[in-house]
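Student: I would like to go through the terms used for this model one by one. Please set each value against its definition before you conclude.

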Amino acid sequence: MEKYFDASYILKSIPMLLPFLKVTFIVTALSVMFGTILGFILAMGKIGKGKIARKIANGYTTALRCTPSIVLLFLVYYGVPALLEKFSVQTGNVDKIVFVVITFSLQFGAFMSEVIRSAYESVDKGQFEAAVSVGLSPFQAYRRIVFPQAFVVAIPNFGNSLLELIKEGSLAYTIGLIDVMGKANLIIASNYNAHALEIYLALSIIYWIISIVIEQVFLKFEKGFSKGKQSLKST
C-alpha cells in the first residue's frame, strides 16, 4: 500500500479520537482526587515533627519521582496481582483502568506532597501567630489566613502537575487501556500503519488544545486569587 501524507485525514481522525477523551478524563480526575489526598497525608508527614513520618514521606517522594511512569505502571499492573495472589485474591476480572488510576495516583501524590509542603512553608509563620494572638483559634487562623495564601502559591504548581499527569496518562495504552492514545494506535493498526503521521498530528492537536485551555484556566485562577491574597494582606 502506497503511503502518502493526507492533511485532510487529520480532520477526519479528530472526531474518531474525541469520544475516547472520556476515558482519559476519568483517569485524570480519579488520579487527581486520590493523589491529592495521598499528597496531603505525605505533606503532613514532611511538615510534622515526627522524624520517622518525615523520613517515610521524603523517601516515598524521592522513590516515586525517580521512577519512570511506564516502569511504575508495569510494576503496579504486574506486581499488584502477583501480591494479591499470595492472599488468594484473584484480579483477573479487574478493569485495566483500576491499575492505571493506582499508578498515577501514587505518582501524583508524590508531586502534590511537594506542592502542598512548599506552599505551606511559603506563608510567614508570624501571620499565624499574629492571628492567634488577636483571638482566632488555630483552626480559624489556618482557614482564614494560612490556607488561602498557601492555596494561591500552590495553584501554578498544581496546574503544572495536572498537565504532566494528562501527558503521562497517555502511557496507559501500553497495558491495553483504550483511551484517546489507545484509540489512535488502534486506528493506525487497522490502517496497516498508513496515515500514522496524520493521526498522531490529530492527537497532538487534541493534547495542545487541552493543555492550552487548562493553562489559561489556571492563569485566571491565579490572578483572581492573587487579588484576594493582596486584599487579605492589606487588612
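Tutor: Start with handedness: a crossing is left-handed if the near helix is turned anticlockwise from the far one by less than a right angle, and right-handed if clockwise. By that rule the crossing of α3 and α5 is left-handed. Note that the model is predicted.

Student: Why is the packing of α2 against α5 called oblique?

Tutor: Helix α2 (residues 21-47) and helix α5 (residues 96-121) pack at about 45°, and their axes are 5 Å apart. The contact of α2 with α5 has 21 nonpolar, seven polar and three charged residues.

Student: What makes the largest cavity a cavity, and how much space lies in it?

Tutor: The term applies to a set of points where a 1.4 Å probe fits but cannot get out. About 60 Å³ of space lies in the largest cavity. A search of the whole structure with a cut-off of 30 Å³ or more finds one cavity.

Student: Which elements line the largest cavity, and which of them gives the most?

Tutor: Two or more residues each come from α2, α5 and α7, and α2 gives the most, with three. The lining includes T24, V27, T28, V100, F104, L165 and D179. By class there are seven nonpolar, three polar and one charged residues. Asp counts as charged, and D179 is in the lining.

Student: Why is the other space called a pocket, and what lines the largest one?

Tutor: A pocket is an open set of points with protein on both sides within 12 Å along at least five of seven lines. About 430 Å³ of space lies in the largest pocket. Its lining has 17 residues, and F40, I116, F147, A150 and A154 lie nearest the centre. Each of α2, α5 and α7 (138-168) supplies at least two lining residues, with α7 giving the most, seven. The lining divides into 16 nonpolar, one polar and no charged residues.

Student: How do you know where the predictor's confidence is highest and lowest?

Tutor: Compare mean pLDDT: α2 has the highest, at 96, and helix α6 (residues 125-133) the lowest, at 83. The protein has a mean of 89, and 95% of its residues reach 70 or more.

Conventions
Residues are numbered from 1 along each chain as its sequence is written. This is a predicted model: local features need pLDDT of at least 70, side-chain atom pairs count only at pLDDT 80 or more; totals for chains, interfaces and linings use all residues. Side-chain values use heavy atoms; hydrogens and water are left out. Axes are lines fitted to C-alpha atoms, for helices over the stretch in contact, and angles run from 0 to 180 degrees between N-to-C directions. Helices (H or I, at least four residues) and strands (E, at least two) are DSSP runs, numbered from the N terminus. pLDDT is the predictor's confidence in each residue, from 0 to 100. On a 1 Å grid over the protein atoms alone, a cavity is a set of points where a 1.4 Å probe fits but cannot get out, and a pocket is an open set with protein on both sides within 12 Å along at least five of seven lines; lining residues have an atom within 4 Å of a point. Grid points are joined across faces, edges and corners, and a volume is the space filled by probe spheres set on the points.
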